[in-house]
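Reader: Please pick one part of this model and go through it closely, then place its surroundings around it. Keep the terms defined as you go.

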Amino acid sequence: MKNAFEVIIAPVLTEKTNALIQEKKYTFRVAPGAGKIEIAKAVEELFKVKVADVNVMNYLGKTRRSGRTGQVGRRPNWKRAVVTLAEGSIEII
């Protein structure tokens, strides 16, 4: 099992995720190889809360062109997790 700091990379803060906080749903950018159980344990360990549910989404990195010749490259693929809490709250801001 990975360290909790390796699983949870950063919180995702947008207007939509801020609205989800009212429903006790918190959004995090997580390691691409992390599973739902691993994410739940990492959030419980880091923030001392009780997790009810975890939903994950995989995002494909965007294609980008750069330079004079228009070479094509890609941004890295990443994973996002929406964690629903059963007990407690997380102070992100």
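Author: Strands E3 and E6 pair in the antiparallel sense over nine bridges. Helices (H or I, at least four residues) and strands (E, at least two) are DSSP runs numbered from the N terminus, and two strands pair if DSSP finds at least two bridges between them. This is a predicted model, in which local features need pLDDT of at least 70 and side-chain atom pairs count only at pLDDT 80 or more, while totals for chains, interfaces and linings use all residues. Residues are numbered from 1 along each chain as its sequence is written, and side-chain values use heavy atoms, with hydrogens and water left out.

E6 spans residues 78–87 and E3 spans residues 50–59.

E6 is mostly covered, with seven of its ten residues buried. Buried means under 20% relative accessible area, exposed means over 50%, and partly exposed lies in between (1.4 Å probe, protein chains only). Arginine 80 lies in this strand. Arginine 80 is buried yet has no salt bridge, and the nearest side chain of opposite charge, glutamate 23, is 12 Å away. A salt bridge is a side-chain nitrogen of Lys or Arg within 4 Å of a carboxyl oxygen of Asp or Glu. Leaving out residues up to four places away in sequence, arginine 80 touches Val12, Thr27, Phe28, Val30, Asn55, Val56, Met57 and Tyr59; contact means heavy atoms within 4.5 Å.

Side chains of opposite charge can pair when their charged atoms come close. A search of the whole structure finds one salt bridge. It joins glutamate 23 to lysine 25, with the closest N and O atoms 4.0 Å apart. Glutamate 23 is partly exposed at 49% relative accessible area, and lysine 25 is partly exposed at 26%. Lysine 24 sits in the loop between helix H2 (15–20) and E2. Its phi is positive, about 60°, although it is not a glycine. Most residues other than glycine have a negative phi. Lysine 24 counts as partly exposed, at 35% relative accessibility.

H3 (residues 36–47) has twelve residues and reaches 16 Å from first to last C-alpha, close to the 16 Å expected at 1.5 Å a residue; the expected span is 1.5 Å times one less than the number of residues. Its buried residues are Glu38, Ile39, Ala40, Ala42 and Val43. They pack against helix H1 (4–7) and against strands E1 (8–11), E2 (25–30), E3 and E6.

Alanine 42 of H3 is buried at 1% relative accessible area. Neighbours within four places in sequence aside, alanine 42 is in contact with Ala4, Val7 and Ile8. Alanine 42 and glutamate 6 are 36 residues apart in sequence but 9.0 Å apart in space, C-alpha to C-alpha.

The chain between H3 and E3 contains lysine 48, a residue other than glycine with a positive phi near 55°. Lysine 48 counts as exposed, at 69% relative accessibility.

A separate pair is formed by E4 (residues 63–66) and E5 (residues 71–74), which are antiparallel over four bridges. Serine 66 has glutamine 71 of E5 as its bridge partner. The hairpin has four residues between its strands, and among them glycine 67 takes a positive phi near 80°.

Definitions and conventions:
Lys and Arg count as positive and Asp and Glu as negative; His and the chain ends are not counted.
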